[in-house]
Amino acid sequence: MKKNKALMKEAAALLSEDNRFLVTAHERPDGDAVGSILAMGHVLGEQGRQCVLYTQDDVPKGLSFLPGVSRIVHEVPEWKDGSFCLVVLDCNEIDRVGKDGAMLLGGCESVVVLDHHLGDGFCQEVSKTCVSIIDTTACATGALCFELFKELGWKVNKDAATCLYTAVLTDTGGFRYSNTSVRTFDLAKELVGCGADPYEIALSCFESRPLSKLKLLGLALETLEVYYNGLLSIMTLTPEMFELCGSKESETDDFVSYARSLDTVEVAALIKEAKPGLVSVSLRSKRFVNVAELASRFGGGGHFNAAGFRMAGNPTEIKERLIELAGSYLQGGISK
Ligand SMILES: [Mn+2]
């Protein structure tokens with residue numbers, strides 16, 4: 001496997017050669033996904049490149065403060081006349097882009113993937129120019145975008161810096177998670193130097209919650225249960241709770257951190273059934289349990305301390321299976 005530096009150079013060459021880009025990230029995009037997409041849009045735009053910013057799903061309301069957010073479209077453009085470079089951010093499986101991922105991959109001329117989740121990428125499956133930088137030591141995909149811009153010598157203006165700072169701030173839980181390192185703080189310093197305003201961004205990210213969200217959080221906290229002497233905590237959200245509060249699923253992104261904040265907890269789970277029969281589960285751990293591996297047992301994935309999965313099924317049954325499987329990780333061994 002090539003070292004990151006060599007791959008960065010290859011990715012930089014692809015970006016500097018091309019004029020037209022489609023920049024996207026995973027479905028149900030988070031702060032890192034949206035921040036990285038928008039930063040790409042700002043920087044490529046300043047270089048006079050044409051780019052379409054696309055996510056399958058809506059941008060969560062809490063991220064609507066980001067400069068340029070209205071540029072993100074949710075329909076794939078019809079580009080029949082010629083080629084484009086596909087930039088895939090914050091995921092390394094093309095299906096994670098959503099239902100149109102495979103079509104975009106088929107239609108593009110070249111691909112650049114920047115991500116920090118566990119995985120091998122999809123370059124080996126495509127017969128076109130494809131550069132994939134998957135660095136699980138990066139705190140956020142936004143950090144990899146910044147490295148790439150530096151490699152290119154392209155300017156990161158205030159808007160781009162605001163988007164990248166938001167990517168880093170949200171993916172590190174406000175510089176609190178295990179992915180926070182000296183590299184993170186070096187990057188934060190550089191971004192603030194480029195014009196990002198830490199206080200304003202923190203207010204927008206963490207202290208601008210709609211009332212409906214806090215009401216839903218109240219209901220979620222009521223459901224908190226613990227297992228294995230408090231090592232595992234679970235919160236559950238039902239379709240009725242969403243309806244009662246008038247909240248959307250995208251408003252629950254940080255709820256699981258409340259389950260994780262319990263003193264005795266190693267693994268925390270939030271089980272959401274936003275629509276009847278469709279269950280999505282967020283998993284967090286503090287120290288020794290690899291929740292990405294736990295999520296993979298249900299077809300999901302993620303990072304060591306933060307992962308998730310989505311599946312059709314009965315939430316009670318999924319919960320029982322989760323409790324059982326989490327138990328095998330918590331007791332130190334996993335029966336494969
Ligand atoms: Mn990320």
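How many bridges join strand β8 to strand β9, and in which sense do the two run? Six bridges join β8 (residues 232-237) to β9 (residues 267-275), and the two strands run parallel.

Before going further, a word on the model. This is a predicted model, in which local features need pLDDT of at least 70, side-chain atom pairs count only at pLDDT 80 or more, and totals for chains, interfaces and linings use all residues. Residues are numbered from 1 along each chain as its sequence is written.

Helices (H or I, at least four residues) and strands (E, at least two) are DSSP runs, numbered from the N terminus. Two strands pair if DSSP finds at least two bridges between them.

## The sheet around β9

Strands β8 and β9 belong to an open sheet of six strands, ordered β7-β8-β9-β10-β12-β11, with mixed pairing. At its edges stand β7 (225-227) and β11 (301-302); each has a single partner strand, so one side of each is left without a neighbour in the sheet.

On its other pairing, β9 runs antiparallel to β10, and seven bridges join them. In the hairpin of β9 and β10, two residues lie between the strands, and Gly277 takes a positive phi near 90 degrees. Strand β9 is mostly covered, as seven of its nine residues are buried (buried means 20 or more other C-beta atoms within 10 Å of the residue's own, exposed 12 or fewer, and partly exposed in between, with C-beta atoms placed from the backbone).

Helix α12 (residues 315-330) lies across β7, β8, β9, β10 (278-285) and β12 (306-312), and runs at about 165 degrees to β9. Such axes are lines fitted to C-alpha atoms, for helices over the stretch in contact, and angles run from 0 to 180 degrees between N-to-C directions.

## The parallel sheet

Another open sheet of six strands has the order β3-β2-β1-β4-β5-β6, with parallel pairing. Here β3 (72-73) and β6 (129-134) stand at the edges, each with a single partner strand, so one side of each is left without a neighbour in the sheet. Strands β5 and β6 pair in the parallel sense over six bridges.

Two helices pack on this sheet. Helix α1 (residues 4-17) touches β4 (85-89), β5 and β6, and its direction makes about 135 degrees with that of β6. Helix α4 (residues 141-152) also touches β4, β5 and β6, with its direction at about 125 degrees to that of β5. Contact between two residues means that their C-beta atoms, placed from the backbone, lie within 7 Å.

Here are some bridge partners from both sheets:

| Residue | Bridge partner | Strand of the partner |
|---|---|---|
| Val111 | Cys130 | β6 |
| Thr236 | Ile271 | β9 |
| Leu232 | Val267 | β9 |
| Ala269 | Leu283 | β10 |

## Two buried residues

Leu114 sits in strand β5 (residues 110-115). Why does Leu114 count as buried? Because 29 other C-beta atoms lie within 10 Å of Leu114. Leaving aside residues up to four places away in sequence, Leu114 touches Leu89, Ile133, Thr141, Leu144, Cys145 and Leu148. The C-alpha atoms of Leu114 and Met8 are 9.7 Å apart, although 106 residues separate them along the chain.

Thr172 is found in the loop between α5 (158-171) and α6 (182-193). Thr172 counts as buried because it has 20 C-beta neighbours inside 10 Å. Its contacts, again not counting residues up to four places away in sequence, are Cys139, Ala140, Tyr177, Asn179, Thr180 and Thr184. Between the C-alpha atoms of Thr172 and Ala140, 32 residues apart along the chain, the separation is 7.6 Å.
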